[in-house]
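Trainee: Please walk me through how to read this model, feature by feature.
Mentor: Gladly. Ask about one topic at a time.

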Amino acid sequence: RFFLVSEYIFLWNNGFGKSFGSQNLGDLVLLEKGEQLSRVQGHVQMETLQKQEKIDALNIVSLANSSFWVEAFVDSTGYFQALLPSGTYRVQPNRFYTSPFKSAGFKQNTRRIEYSFMNNFEVVKDSITNLDTITFKVIPRPEKTLSSSILPIEHLTPDDIDNFVTTWKDYFDIPAVSVVLIRDNKVFYDKTMGLKNNLTRELANSNTLFEAASISKAVFGVMVLRLAERGIIDLDKPLYQYLPFPNIKDDQRSKLLTARLILGHQSGLPNWAWGGPGTWEGGGDIELNFEPGSDFGYSGEAFNYLGRVVEHITQKKLQTIYEEEIEGPFGVKDSYFYYTDDQEERFALGHLHQYIQIKGQERIASPASSVSTNAHLFQDFVLGLMNEKNMSAESYGLIYEPYTVLSKEQKLYDPEFSQHVSHGFFVQIRDDGMLIGHGGNNGDYDSKFAYNPQKKYAYIVFTNSNLGDEFIRALEEFLLTKH
């Protein structure tokens with residue numbers, strides 16, 4: 001017999017199903033014939049939590065079989081209930097905030113939560129089980145301000161950085177971080193610390209690989225600029241003349257697409273029209289969101305189209321082009337343009353909060369998302385950019401000069417500063433010069449690098465956690481805010 005005891009069912013397949021796209025059908029419970037469900041109920045008290053931070057769901061988990069759990073939703077009064085068969089259970093945080101955090105994603109001001117749960121409890125047939133009140137309260141975020149009339153990055157010691165990194169890493173329970181700081185054109189901090197995997201507890205080190213996610217776009221941008229310098233690709237030639245994109249061929253506006261428009265995020269293509277790298281092959285026809293060149297629209301799909309064009313023009317695989325245009329000239333060793341099996345032992349697994357994510361790696365070379373590296377290995381690329389090496393002054397001008405100016409609504413960070421997209425990079429115009437870089441977010445990995453070519457400082461951060469973006473943001477404020 002089947003009893004639907006919740007409005008949701010979770011998909012138990014590997015990969016993203018359960019973790020990301022699982023709110024589809026309902027929880028399904030198998031019972032012995034004649035067995036009955038009994039009610040469990042209780043209240044949540046949310047001390048010091050703001051309205052937007054309220055705890056909205058809990059999981060009730062069987063001690064006899066931890067794979068059996070049901071979701072109990074918490075209403076506006078703090079009340080929750082669930083129907084369960086007889087047995088011994090415990091209450092634990094639900095994946096929506098995944099103890100000990102409450103977070104809804106990017107820039108959510110995540111704060112650590114402390115909670116009190118009662119002991120294990122019994123559900124008895126034909127009775128109602130009333131649970132003790134569960135209380136939650138916020139642990140304040142650590143202090144990150146320094147008294148300084150200059151940017152902290154210009155005078156901090158490695159011990160200062162160590163204290164900050166370990167404090168905030170622990171606050172967010174981020175398994176592993178890889179951090180490099182550059183000052184006066186020299187690396188003064190280079191550490192990888194933490195765990196590759198919260199289950200095995202294996203330590204990360206300077207050889208550990210992370211998903212670079214959208215940092216790949218900046219790497220690919222440099223690859224294209226170097227090819228353009230030698231006349232291998234024309235940045236302004238319509239791409240369909242090199243290689244048509246069959247899924248957009250019926251939209252006549254697609255004939256306006258060029259490499260320059262894609263590198264400047266003016267393609268009109270959706271970010272991921274069919275779900276991710278390579279999915280266009282099984283996808284249907286689509287229309288562009290806007291005429292190419294008329295607006296800003298961040299698009300991984302467009303970068304991957306340009307990647308196929310580059311492969312077609314050169315008759316080389318992207319990994320080979322990466323080795324020729326990045327690994328060799330910039331000296332970026334032991335990093336890759338996409339995932340291969342021989343990287344497995346080196347990889348830090350991604351985590352959603354403290355829970356590891358088992359998912360398919362990006363085995364398709366994706367200019368938008370598939371580079372694997374770490375801060376220690378990536379520093380030579382950033383130092384090369386900072387010192388205008390391996391490309392012409394004209395190409396560096398394309399990185400510096402505004403191509404797509406962002407409106408206040410389009411800016412990801414610091415709306416008080418002018419921001420634009422150049423050829424594969426995002427640029428802020430700050431008081432002390434340009435801050436050029438790119439971030440990356442693959443869900444369970446977050447990363448970012450940025451450098452100031454005038455003041456010769458930079459920071460590079462890779463994490464294997466969905467809360468890495470908040471760690472990175474805190475580090476940026478710590479390094480770049482005068483107090």
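Trainee: Which residues touch the most other members of the largest nonpolar core?
Mentor: A nonpolar core is a set of buried Ala, Val, Leu, Ile, Met, Phe, Trp, Tyr and Cys residues joined through side-chain atoms within 4.5 Å. Buried means under 20% relative accessible area, exposed over 50%, and partly exposed in between, with a 1.4 Å probe and protein chains only. Here the largest core has 71 residues, and L306 and F449 touch the most other members. Helix α3, residues 215–229, gives the largest share, nine residues. Helices (H or I, at least four residues) and strands (E, at least two) are DSSP runs numbered from the N terminus. A second, separate core holds 29 residues, including L435, A450, V461 and F471.

Trainee: What should I know about the model and its numbering?
Mentor: The model is predicted: local features need pLDDT of at least 70, side-chain atom pairs count only at pLDDT 80 or more, and totals for chains, interfaces and linings use all residues. Residues are numbered from 1 along each chain as its sequence is written, and side-chain values use heavy atoms, with hydrogens and water left out.

Trainee: Which residues does F449 touch?
Mentor: Contact means heavy atoms within 4.5 Å. Leaving out residues up to four places away in sequence, F449 touches I215, A218, F378, V382, L385, F425, I436, G437, H438, Y459 and I460.

Trainee: How many aromatic pairs does a search of the whole structure find?
Mentor: In general, a pair of aromatic rings is described by the distance of the centres and the angle of the planes. Rings of Phe, Tyr and Trp (its six-membered ring) pair if their centres lie within 6.5 Å; planes under 30 degrees apart count as stacked, over 60 as edge-to-face and the rest as tilted. The search finds 23 pairs. One cluster is formed by F210, F330, F378, F381, F425, F449 and F462.

Trainee: Which charged ends sit over rings?
Mentor: The test asks for NZ of Lys or CZ of Arg within 6 Å of the ring centre and within 35 degrees of the ring normal. K255 has its charged end over the ring of Y240, 5.6 Å from the centre. R308 does likewise over the ring of W280, at 3.9 Å.

Trainee: How many salt bridges does the search find?
Mentor: A salt bridge is a side-chain nitrogen of Lys or Arg within 4 Å of a carboxyl oxygen of Asp or Glu. The whole structure gives twelve. Among them, E202 and K196 meet at 3.1 Å, N to O. E202 is partly exposed at 41% relative accessible area, whereas K196 is buried at 6%.

Trainee: Which salt bridge links distant parts of the chain?
Mentor: D341 and R363 meet at 2.8 Å, N to O. D341 lies in the loop between α6 (318–330) and β16 (351–352), and R363 in the loop between β17 (355–356) and β18 (372–373), 22 residues apart. D341 is exposed at 52%, and R363 partly exposed at 48%.

Trainee: Which residues are linked in a network of salt bridges?
Mentor: K448, R473, E476 and E477.

Trainee: How many helices and strands does the chain have?
Mentor: Nine helices and 24 strands. Buried residues make up 55% of the 483 residues. Among contacts with a separation of 6 or more, 68% join residues 24 or more positions apart.
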